[in-house]
Number of protein chains: 2
Amino acid sequence: MEARELQYFVAVAEELHFGRAAQRLGIAQPPLSRAISQLERRLGAPLLERTSRAVSLTEAGAVLLREGRAALDALAAAERRTRRTALAADGRPAVVLVSKAGASRELLAKLLDAHAAEPDAAVVEVLLCGPGEQERLLRDGRADVGLLHRPFDDTAGFDTEELLSEGQVAVLPAGHPLTARPHLRLVDVADLPGLPLPRWPDLDGTYPDGPGPQVRDNVQLLQLIALGRACAVLPESVRGHLGEDLATVPIVDAARVTTVIAWPPHSRSRAVAGLVRAATRL
Amino acid sequence: MEARELQYFVAVAEELHFGRAAQRLGIAQPPLSRAISQLERRLGAPLLERTSRAVSLTEAGAVLLREGRAALDALAAAERRTRRTALAADGRPAVVLVSKAGASRELLAKLLDAHAAEPDAAVVEVLLCGPGEQERLLRDGRADVGLLHRPFDDTAGFDTEELLSEGQVAVLPAGHPLTARPHLRLVDVADLPGLPLPRWPDLDGTYPDGPGPQVRDNVQLLQLIALGRACAVLPESVRGHLGEDLATVPIVDAARVTTVIAWPPHSRSRAVAGLVRAATRL
DNA sequence: CGCGGCGATACCGCACGGGTATCGATGCAG
DNA sequence: CTGCATCGATACCCGTGCGGTATCGCCGCG
């Protein structure tokens with residue numbers, strides 16, 4: 001199967017509309033129609049149901065969408081990592097490490113220090129992203145290693161080493177009555193009057209319905225808490241980075257958060273291995 | 001990057017010889033040379049060192065070989081799984097389950113029975129292969145789920161569920177002096193006079209040097225043991241399938257063997273999920 | 001019933017992939 | 001040192017196939 005055909009199919013399958021898909025691909029609609037039916041002929045199976053008013057996926061089409069995305073990601077990863085390796089000669093970064101903005105800050109700092117101290121350590125570029133984006137970046141080669149947080153991030157498909165396990169705390173505006181308590185339970189903060197839990201974006205960038213402010217990163221969230229508009233349940237390591245206007249209380253029944261270093265299992269290059277080694281020695 | 005170019009590059013990188021690679025690909029040598037240098041131009045980096053007498057990989061080339069193989073596997077998997085889904089309509093197998101020949105026989109039987117008993121269970125095709133081949137089959141889509149055995153098989157990159165953990169036993173010809181002992185240690189069977197441990201093929205099909213007969217599967221191995229030409233250390237579940245000419249003795253310090261059901265993490269189709277569910281309920 | 005939206009079809013031109021012939025470099029035998 | 005064999009690169013030609021424009025056929029809707 002040709003990579004171009006697959007890319008075309010994924011575009012149509014996502015848009016469910018030949019015209020828009022063609023526009024997104026930067027080609028005209030007729031060649032796209034032809035490419036898709038040619039792909040269907042080659043696979044010997046219809047991928048799309050066309051009713052001249054709506055386009056929908058067949059079961060085979062759904063499978064090809066899932067598997068095809070993975071294949072295109074792998075292809076993009078091969079290209080990006082090769083380019084990066086070639087450029088790594090003259091001081092350009094050889095490895096891209098991705099982490100969630102605002103998470104694992106001192107762990108990340110210690111890791112970079114420890115790695116830089118090793119002999120002939122590769123140049124590491126640090127990439128900070130929003131929640132849920134790391135897996136994508138690792139899969140399509142924009143990043144090579146990542147710091148993920150179970151159980152929030154999905155580590156399926158990656159090799160991992162556990163680095164740190166910690167409890168979670170409630171983050172509240174300083175002076176809030178609950179901050180006088182020695183510890184809390186999840187139900188205590190689930191429905192505080194005037195202090196709802198925030199809403200994080202889904203993978204597609206949309207927000208689920210419900211109360212609570214929409215947030216994109218920890219900076220936004222902490223500011224909203226300081227303003228008395230929200231509260232949050234976060235790993236206890238955030239405590240080192242809070243101002244005086246915020247207070248924390250341990251939550252005894254929250255899931256423990258495990259920070260792991262993760263990488264695509266087939267691409268344990270020397271540079272990645274060096275980072276992993278430095279991380280496990282912390 | 002085009003899939004065809006990548007396939008060409010992988011061929012050259014594996015053969016380290018343009019002529020042979022072209023032959024393997026079924027094209028002439030000049031277009032292959034052109035395709036590779038075009039790929040290098042597009043990536044902006046040399047992938048191969050040519051010295052008119054030998055071809056060798058650059059560092060970037062080594063990366064592209066590793067990542068490119070993964071990408072081509074993913075592409076092939078997308079195609080195969082789509083075809084299989086389309087054919088699954090009329091009683092054709094919808095899922096391919098792969099297991100090592102001779103291993104986990106009653107577990108496999110129970111699994112298939114339990115799965116077949118579920119309502120609207122998919123048709124399962126069973127594929128038996130040699131050691132170390134399962135990962136490849138799962139990656140390139142010739143199989144969808146597999147029974148793997150830690151620590152022998154590499155489960156990196158797959159989602160897994162543990163099914164069974166067992167010890168290992170020494171398999172010896174009936175009547176051998178050691179069969180009188182209640183248990184053994186690994187050193188006891190490591191160097192038996194006239195009964196060497198067998199040699200299994202590497203991933204590329206070649207055998208490592210050393211004493212001991214070359215074997216490809218359990219049938220060969222057990223026959224050689226019965227003939228008094230070898231001994232072996234195998235998971236204790238083989239005991240149910242041995243003739244009277246073979247005897248087993250537990251080995252107390254051998255690694256425990258864990259049987260897991262494994263599948264590519266992104267392709268948890270309904271059919272695969274059904275098999276996994278049946279397996280975990282055993 | 002006419003219009004508008006959408007995918008399919010028809011047809012054309014050119015870019016690119018593949019083929020053959022040949023060159024240039026290099027290691028090797030005599 | 002020279003002729004030869006090996007191997008990748010280059011030159012040139014041809015046909016396929018991809019992408020473009022124009023248009024059709026189908027269907028829902030006002």
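H3(B) contributes the most to the surface near DNA strand D, with 5 residues. The model is predicted: local features need pLDDT of at least 70, side-chain atom pairs count only at pLDDT 80 or more, and totals for chains, interfaces and linings use all residues. Residues are numbered from 1 along each chain as its sequence is written, while chains are lettered from A and ligands numbered from 1 in the order in which they are written.

Some terms first. Helices (H or I, at least four residues) and strands (E, at least two) are DSSP runs, numbered from the N terminus. A residue is near a molecule or strand if its C-beta atom, placed from the backbone, lies within 6 Å of it.

## Exercise 1: DNA strand D

Task: describe the residues that surround DNA strand D, and the elements they come from.

Solution. 
- Step 1. Count the residues: 19 surround DNA strand D. The closest are Ile27(A) and Pro30(A), with Phe18(B), Pro30(B) and Ser33(B) from the other chain.
- Step 2. Find the elements. Two or more residues come from each of helix H3 (29-43) of chain A, helix H2 (18-25) of chain B and helix H3 (29-43) of chain B.
- Step 3. Sort by class. Ala, Val, Leu, Ile, Met, Phe, Trp, Tyr, Cys and Pro count as nonpolar, Asp, Glu, Lys and Arg as charged, and the others, Gly among them, as polar. The surface near DNA strand D has 8 nonpolar, 7 polar and 4 charged residues.

## Exercise 2: DNA strand C

Solution. 
- Step 1. Helix H2 (18-25) and H3 of chain A, and H3 of chain B, each supply at least two residues. H3(A) has the largest share, 4 residues.
- Step 2. The classes are 8 nonpolar, 6 polar and 3 charged.

## Exercise 3: chain against chain

Task: characterise the contact of chain B with chain A, then relate the two copies.

Solution. 
- Step 1. Two residues are in contact if their C-beta atoms, placed from the backbone, lie within 7 Å. On this basis, 32 residues of chain B touch 32 residues of chain A.
- Step 2. On the chain B side, helix H4 (residues 59-87) of chain B gives the largest share, 19 residues. That side has 16 nonpolar, 8 polar and 8 charged residues.
- Step 3. Copies are superposed by least squares on the C-alpha atoms of residues with pLDDT of at least 70 in both. A rotation of 180° with 0.0 Å of shift along its axis brings chain B onto chain A, at RMSD 0.1 Å. The copies are therefore related as by a two-fold rotation axis.
- Step 4. Both copies use the same surface: 100% of the contact residues of chain B recur in chain A. In chain B, the residue closest to the rotation axis is Gly157(B), at 2.1 Å (C-alpha).

## Exercise 4: helix packing in chain A

Task: classify how H2(A) and H1(A) each pack on H3(A).

Solution. 
- Step 1. Axes are lines fitted to C-alpha atoms, for helices over the stretch in contact, and angles run from 0 to 180 degrees between N-to-C directions. Angles under 35 degrees count as roughly parallel, over 145 as roughly antiparallel, 65 to 115 as roughly perpendicular and the rest as oblique.
- Step 2. The axes of H2(A) and H3(A) cross at roughly 105° and come within 9 Å. So H2(A) and H3(A) are roughly perpendicular.
- Step 3. In H2(A), Phe18(A), Gly19(A), Ala21(A), Ala22(A) and Leu25(A) meet Gln29(A), Leu32(A) and Ser33(A) of H3(A). These divide into 5 nonpolar, 3 polar and no charged.
- Step 4. For helix H1 (residues 3-15) of chain A and H3(A), the axes cross at roughly 105° and come within 10 Å. So H1(A) and H3(A) are roughly perpendicular too.
- Step 5. Glu5(A), Tyr8(A), Phe9(A) and Val12(A) in H1(A) meet Leu32(A), Ala35(A), Ile36(A) and Leu39(A) in H3(A). The tally is 7 nonpolar, no polar and 1 charged.

## Exercise 5: the sheet of chain A

Task: give the strand order and the edges of the sheet.

Solution. 
- Step 1. Two strands pair if DSSP finds at least two bridges between them. In chain A, 5 strands form an open sheet, S4-S3-S5-S10-S6, with mixed pairing.
- Step 2. Strand S4 (124-129) and strand S6 (159-166) of chain A each have a single partner strand, so one side of each lacks a neighbour in the sheet. The twist averages 25° from one strand to the next.
- Step 3. Strand S5 (residues 145-150) and strand S10 (residues 257-263) of chain A pair in the antiparallel sense over 5 bridges. Gly146(A) has Ala262(A) as its bridge partner in S10(A).
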